[in-house]
Amino acid sequence: MLTFVGLGLWDVEDISVKGLKAVKDADEVYVEFYTSRISTSARDMERFFARKIKTLERGDLEEGSSKLVEAAKEKNIVILVPGDPMVATTHSAIRLEAEKRGVKTRIIHGASIVSAVCGLTGLHNYKFGKSATVSWHTSRTPVDVVRANMEIDAHTLLFLDLHPEPMRIGDAIEKLSDIDASITDLFGVGIARAGSSDAVVKCDRLEKLRHYDFGEPLHILVVLAKTLHFMECECLTEFASAPPEIEEMVK
């Protein structure tokens, strides 16, 4: 069997009891930090789980995924994934390949940044449109996604690139501004270190968030819709120190 285990948001202690049991019972355990990361290193995970853990690189997940699938025909293989395993399409592709080859798969879900954003900000899940990634290489895609979501009055969740190093909110806004300078007039919410004891959540116009000190990564950014529900406004004021002018967005 091939089992995907979500590690949750921040560190190895976020793993579920069910996930922990799967790791203990596995013949081989792997971890990948290509699609996302947590604060715990692979070496510290080995100490926590008291067993050997192999780190998978990008090539192992993409071109080399067949090796994992073949191994799972004879052994119980666990792949540890930061967050929730199936948010990344990479893992969906591996799971599909395994099932097509007759290898049973199992998913043990973990907390995801996708849902944590709603909890930390108070934004309503049903108000989010399509998400996008802000990459270190310049691309119009995230700007186009933001503009399309604005047309349907939806929030935009922007994931920030992790390679070669984790992008910060200021860097992300700089990238967006390079494509469309007017985008910095929009309101957004920056979130740093979700799931940790020192998470930071701040709402303001993107131009001001660009210069705000969020501290160390991991960071994620939400660009707000044209309008807010009154409860979203209250939550952003209470939990994200939003400026009074966002009250004008309530409809």
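The largest pocket of this predicted model has a volume of about 960 Å³. A pocket is an open set of points on a 1 Å grid over the protein atoms alone, where a 1.4 Å probe fits, with protein on both sides within 12 Å along at least five of seven lines. Lining residues have an atom within 4 Å of a point. The volume is the space filled by probe spheres set on the points, which are joined across faces, edges and corners. Of the 36 lining residues, Thr35, Ser36, Phe159, Leu160 and Leu162 are closest to the centre of this pocket. α5 (89-100), β7 (156-160) and β10 (219-223) each give two or more residues to the lining. Helices (H or I, at least four residues) and strands (E, at least two) are DSSP runs numbered from the N terminus. By class, the lining has 19 nonpolar, 13 polar and four charged residues. Ala, Val, Leu, Ile, Met, Phe, Trp, Tyr, Cys and Pro count as nonpolar, Asp, Glu, Lys and Arg as charged, and the others, Gly among them, as polar.

Residues are numbered from 1 along each chain as its sequence is written. Local features need pLDDT of at least 70, side-chain atom pairs count only at pLDDT 80 or more, totals for chains, interfaces and linings use all residues, and side-chain values use heavy atoms, with hydrogens and water left out.

The second largest pocket has a volume of about 150 Å³. Its lining includes Met1, Thr3, Asn76 and Arg106. Helix α1 (residues 17-25) provides the largest share, four residues.

Five strands form an open sheet in the order β3-β2-β4-β1-β5, with parallel pairing. Two strands pair if DSSP finds at least two bridges between them. β3 (54-56) and β5 (105-108) stand at the edges with a single partner strand each, so one side of each is left without a neighbour in the sheet. Strand β1 (residues 2-6) is joined to β5 by four bridges. Leu2 has Thr105 as its bridge partner in β5. Helix α1 lies across β1, β2 (28-32), β4 (77-81) and β5, and runs at about 135° to β5. Contact here means heavy atoms within 4.5 Å. Axes are lines fitted to C-alpha atoms, for helices over the stretch in contact, and angles run from 0 to 180 degrees between N-to-C directions.

Tyr30 stands opposite Ile79 in β4 and opposite Lys54 in β3.
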